[in-house]
Amino acid sequence: AAMNRSFFTPGRILALASLLLFMIFWAVWFFAYPYFMIWLEGYSFFSTLPDFSSLFRSIPEGLPGYVGAFLHQFFKWPAAGAAIQSLMAVWPVVCTGIIVIRLFDNPGRLLWAAFIPLPFFVLRQFWDLHMYFTVIYDAVFTGIMLVVLIFTLIRRVTIKVPKWIGSLWVNVCIILSVVGSSLYFLIVLDERNHTQIAYDRLEYFGENERWMDILEIVTPADARGDDIKRHYALLALAKTGNLTQYAFLYGLDGSNCFLFYDNINPLCLNYNAIFCQSMGMHNATIHQCYQQGIQSVAGIGFSSIRRLADTYIELKDYELARKYVDILEHSTCHRSWVKDRLEQLEAIRNAKPEYGYDEFNAKIAEVTHLISTMVDRNRNARTYADLLLCALLADAEGDKFLQIFRYIAQIQYPDGRNIPRLYEEALILISMVDPSAVQGFHISEETQQRFADYIALMNAGKGNQALRKYADTYWVYSCRAQ
């Protein structure tokens, strides 16, 4: 028993408790928030170049912001990011515990006091996007601990602890309460945390072109109720060739469902950049990268720089590609990424940049500009055509839809057959006003029968039944739009 008491000294108990606390918080961050940490890395920027450190000497974030930017680099690996976040949470506990051990005659009774700083820190940790508060909070506790250590080395101080203040049960109950409340603050309290990680997961899947994964986690009901989820779901439908089947089921209600306009939310700017890059819109991608980057403290973020470098490589613009690769080479965590691009860079060293296309000569430039130019360049590509035609239908531009569909159908549906269901629905509806709309196109028997049933229900005064039965059709969308 005496040996056990000598082994479980206050210092060892503090070390074991801190290690256990670190493991608990590491598990929470790693399993609950991996995509959030990856997003934070892309949102941040760090460079070893002197002009970067000079920037932080001239802005309010100062040294804490510089340290935070350095640490955020490692968040690209969720295991490392979880370790950093957990260490920053546990460190004030360690500092306070050392202070208790150095100042009190029976520190074992007061070890619960070491955990008191934890919930106050965790309450603000998730939304400390630049780690400014985190670094200052840990620095303050480190400073106080060092002062106490130096002071007690010079002059021994012993403060007596009353017996009633710290029994074993008091320690256990207070520590469990404090740790439990901290976990509640981190996991449950703020509903914004769950919303953010859902968006970050979608962004990660979009960055890595995992379109089917997006459709697996975003239901039609989710898309109709959340603008960001709707944008990602519609993009995933377009990339998987399912847009003409499920566009209205997933809440398409205008061309603005494909891109965000006049929205400075970083999540929306990131989506715009992903959309443009996935569609091969190089000039628009570059523009969106700069829009996305200005949300970062440094005026640019790792996510934007990586996308710019890859875009300029695709454009065979060696000088600009080299510029952004060099910037990443002076960070701490991009050696492997840079190494993978060096061969591609060498391949375009003497190539002529491919900026030859004049967007303003597009034949159908009167409609949504970005998509229409890509349709004009790639008339055989269903993805671009579907985006444009669905956008026109969603904007209730029936006349423009018919005009452009005839233009596209010459290439994609030359025999007038195998037309997607959504286009058949639009053509047959337009034909009620303009019978020539279906001329040259074969409308399937199934669509004709369904339309006849829809009209019959509407004429019989069973409009609600018709709207429910054909809720995902263009007919119902058009009816409700009117």
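Is Arg 210 buried, partly exposed or exposed, and what is its relative accessibility? Arg 210 counts as partly exposed, at 33% relative accessibility (buried, under 20% relative accessible area; exposed, over 50%; partly exposed, in between; 1.4 Å probe, protein chains only). The model is predicted, with local features requiring pLDDT of at least 70 and side-chain atom pairs counted only at pLDDT 80 or more, whereas totals for chains, interfaces and linings use all residues. Residues are numbered from 1 along each chain as its sequence is written, and side-chain values use heavy atoms, with hydrogens and water left out.

Across the whole structure, 16 salt bridges are found (a side-chain nitrogen of Lys or Arg within 4 Å of a carboxyl oxygen of Asp or Glu). Arg 210 pairs in this way with Asp 213, at 2.6 Å between the closest N and O atoms; Asp 213 is partly exposed at 22%.

A salt bridge also joins Arg 341 to Asp 310, with an N to O distance of 3.1 Å. Arg 341 belongs to helix α19 (residues 335–347) and Asp 310 to helix α17 (residues 302–314), so this contact ties together parts 31 residues apart in sequence (helices are DSSP runs of H or I, at least four residues, numbered from the N terminus). Both partners are buried, Arg 341 at 16% relative accessibility and Asp 310 at 19%.

In the pair formed by Asp 253 and Arg 230 (3.6 Å, N to O), Asp 253 is partly exposed at 42%, whereas Arg 230 is buried at 12%. A network of salt bridges links Arg 421, Glu 425, Arg 450 and Asp 472.

Definitions and conventions: Helix = DSSP H or I, 4+ residues; strand = E, 2+ residues; numbered from the N terminus.
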